[in-house]
Amino acid sequence: MLAPSAGTERQTAECPSSPASPPPISSGAKRMEWPCARGCHGQGGYTVTCRTASNHLVYAEPIDPSACSPECKMSLQLVEDQRGYNITLRSSRNDSTLEAKTFHLTQCPPGWLASGRSCYSVRRRALTWGEAQRSCKRLAAGSHLADLKTPDDLLFVSSHLLSHNSLLLLWTGLSDQQVPAIFSFDLVQVTEQQVELRWSDFSPLSSLDHSSFEIFLQYQKETNGVLGQSEDSRSRTSEEKKGTQSPSSVEKIVKVPITLSSRGVTVAGPLPPQNLTVGSTTVSQIRVHWMLPDVQCVAGWTFVVRYVDMSSRQQRIVGMADISWMSETGGSQSYTAVIGGLASHRKYMVDVYTVTQHGIESCGQVPVTVQTGLVPPSRVREGVVTDSSIELLWDPAQGRAHSYEVICLNFPEVPQEVALSEHVVTSVFVTWRPPPGQVECYKLVFGLLSTDKSLWIEVLLLATSYEIRDLIPGSDYGVNIQSVLGSDRSQVVHREFSTRPAGLCKLHLGNVYSSSVSVSWDGAIGDFDFYRVTVANASVTSTLAIPKEEQVAVVTGLVDGCSYNVSAERVRGVTAGSAAFLTVTTVPARVRRVRVVNVSARAFSLRWEQAVGCVDHYQVSLLPNQGKVTVHRGHDGYVQVTANCMQLRWRGL
């Protein structure tokens with residue numbers, strides 16, 4: 001086993017002993033205690049027998065049950081025997097044993113530790129295994145290197161060793177006598193950051209039953225205790241304190257398995273985090289940041305964040321859930337930890353450690369000290385207010401008594417009732433009402449919401465209105481306005497508005513046919529979504545959506561000879577710009593199936609089908625232009641014309 005050392009190699013013998021001829025020890029009183037057994041009737045009682053470990057009878061005494069109290073106690077004056085005593089308590093009735101219990105009392109020489117039937121002693125000398133075995137045999141008859149066969153033996157020895165800070169290496173009964181090579185264990189180098197160990201070949205042990213032994217490296221980190229005491233100084237300290245030891249606290253015990261094929265190990269501590277800084281701090285929370293270079297980041301490594309309350313000296317550890325990776329910058333990884341649940345106005349010392357997968361922590365880092373904030377007073381409110389004074393009231397802050405600081409700032413009030421004009425295209429009027437109190441001027445800032453606010457236009461005004469001109473149609477704008485008094489400004493009043501798309505000034509009529517027409521228009525600046533073209537008359541209305549990349553619309557499905565109102569406008573969202581209008585009339589249908597009927601010397605009649613679509617009247621021309629033409633509309637879908645001339649021509653209108 002291995003424990004931290006002050007830099008000196010110590011191989012130590014652990015010797016259980018059963019000396020055959022121990023030095024005499026003065027007699028002393030030994031007190032035994034046991035609970036009384038109830039319900040012993042008839043001829044019965046207790047018997048106490050004490051024998052040495054060599055079965056020599058030292059004491060025997062019957063005890064009447066009537067003399068027994070609820071907790072029986074007995075003091076025995078014994079002549080000390082180094083091998084200890086077996087004390088037996090028997091309860092009987094009518095010469096029959098009801099129950100018997102035996103207690104073993106081990107007696108050890110001064111400076112030895114008793115456990116079960118063995119005595120243990122730790123000798124701090126730098127010896128090889130063989131030298132340690134011979135040294136143990138010389139201490140007392142029957143003594144030898146400790147052979148820890150049970151978990152209880154290992155627990156007892158380990159608990160004792162953990163109280164000694166200066167131990168580095170410990171020899172036990174594990175030997176190399178079954179292999180030809182002599183086992184060696186050397187401490188090669190000790191530095192502030194690492195310990196290097198080397199040993200002889202373990203491979204001859206591979207033929208043994210691996211379940212019967214274990215090879216591992218174990219070390220511990222302690223928060224108190226004195227490291228590196230000499231044998232003499234430890235003896236004096238032990239005598240002065242009568243066997244008590246200075247308090248020490250084991251902070252971490254690390255166990256690293258060693259394989260039979262290995263020949264050495266280097267226990268290196270990781271480098272500490274760098275650039276440990278304090279971030280935001282509140283009344284109950286502290287945020288810390290640190291960095292670790294990429295070359296030092298190893299898979300499986302973590303961090304431990306410890307913080308100490310400087311008032312109570314209580315130390316706590318931040319949970320892994322509160323430690324997070326932030327970013328990678330310049331070849332380093334950045335991390336942050338949030339420490340919550342802190343007391344207000346309290347100083348804390350924060351340490352951050354890098355931890356390897358084996359639990360080795362970094363050292364050498366510099367902690368930071370930070371103080372949490374004060375709890376603010378609650379329910380701050382105004383009291384009596386006059387022309388020249390203001391009374392402030394508040395509830396005291398929780399915690400210790402505090403003093404309070406009141407700062408009066410003469411900030412102007414914000415402008416009142418800020419309004420914008422409607423139907424904005426290229427300009428907008430901004431109006432507001434002066435606030436109560438003093439105001440020297442107003443600061444108005446405006447610009448496109450899609451641009452950086454540093455590019456917005458700033459205007460200082462004495463009046464309470466302003467016209468913003470040269471706006472871009474179909475765009476989104478923002479306006480900020482503040483009251484100004486000296487170097488102080490009020491809070492910002494923010495408004496947003498959108499300009500309408502640019503209007504269409506004129507529509508141009510293109511081709512006109514009996515059932516379709518085409519119209520076009522000019523382009524304009526600003527943004528919009530599409531063109532909306534509407535065609536309507538007394539009987540029908542239809543709407544077309546024309547992509548904004550086009551400037552021509554062809555309207556089809558019209559009726560021959562009918563008049564229509566055509567309008568076009570730019571649309572953005574639900575807002576439309578001003579529209580342009582045009583009235584068009586489609587070409588009338590041709591007159592069909594004309595025939596001559598009722599011809600006489602000076603008159604004739606013409607007959608044709610009534611035209612489809614819209615027809616106001618029919619026009620009949622006579623050549624020469626003499627005579628009279630009469631038009632008759634029949635109910636059978638035909639039109640008949642009577643003329644009194646010989647030459648004629650006709651057309652439908």
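This is a predicted model: local features need pLDDT of at least 70, side-chain atom pairs count only at pLDDT 80 or more; totals for chains, interfaces and linings use all residues.
How many contacts beyond four places in sequence does the model have for residues 33-42, over which pLDDT stays under 50? The model has 19 such contacts for that stretch, a contact meaning heavy atoms within 4.5 Å.

View 1. Residues are numbered from 1 along each chain as its sequence is written, and side-chain values use heavy atoms, with hydrogens and water left out. The protein averages a pLDDT of 75, and 68% of the residues score at least 70, where pLDDT is the predictor's confidence in each residue, from 0 to 100. Over residues 1-31 pLDDT stays under 50, and for this stretch the model has 129 contacts beyond four places in sequence.

**View 2. The disulfide between Cys562 and Cys614.** A disulfide is counted here as a pair of cysteine sulfur atoms within 2.5 Å, and by this rule the count comes to one. The sulfur atoms of Cys562 and Cys614 are 1.8 Å apart, and the torsion about their S-S bond is about 80°, so the disulfide is right-handed. Because Cys562 lies in the loop between strand S38 (552-555) and strand S39 (563-572), and Cys614 in the loop between S43 and strand S44 (618-622), the pair ties together parts that are 52 residues apart in sequence. Strands are DSSP runs (E, at least two residues), numbered from the N terminus. Cys562 is buried at 7% relative accessibility, whereas Cys614 is partly exposed at 33%; buried means under 20% relative accessible area, exposed over 50%, and partly exposed in between (1.4 Å probe, protein chains only).

**View 3. Arg607 in strand S43.** Arg607 has its place in strand S43, which spans residues 604-609, and with a relative accessibility of 17% Arg607 counts as buried. Leaving aside residues up to four places away in sequence, Arg607 touches Arg593, Val594, Arg595, Val597, Asp636, Tyr638, Val639 and Gln640.

**View 4. Thr369 in strand S23.** Thr369 belongs to strand S23, residues 368-371, and is exposed, with a relative accessible area of 51%. When residues up to four places away in sequence are not counted, Thr369 touches Tyr348 and Met349. The C-alpha atoms of Thr369 and Val308 are separated by 9.4 Å, the two residues being 61 residues apart along the chain.

**View 5. Cys441 and Cys505.** Cys441 counts as buried at 14% relative accessibility, whereas Cys505, at 82%, counts as exposed.

Notes
Helices (H or I, at least four residues) and strands (E, at least two) are DSSP runs, numbered from the N terminus.
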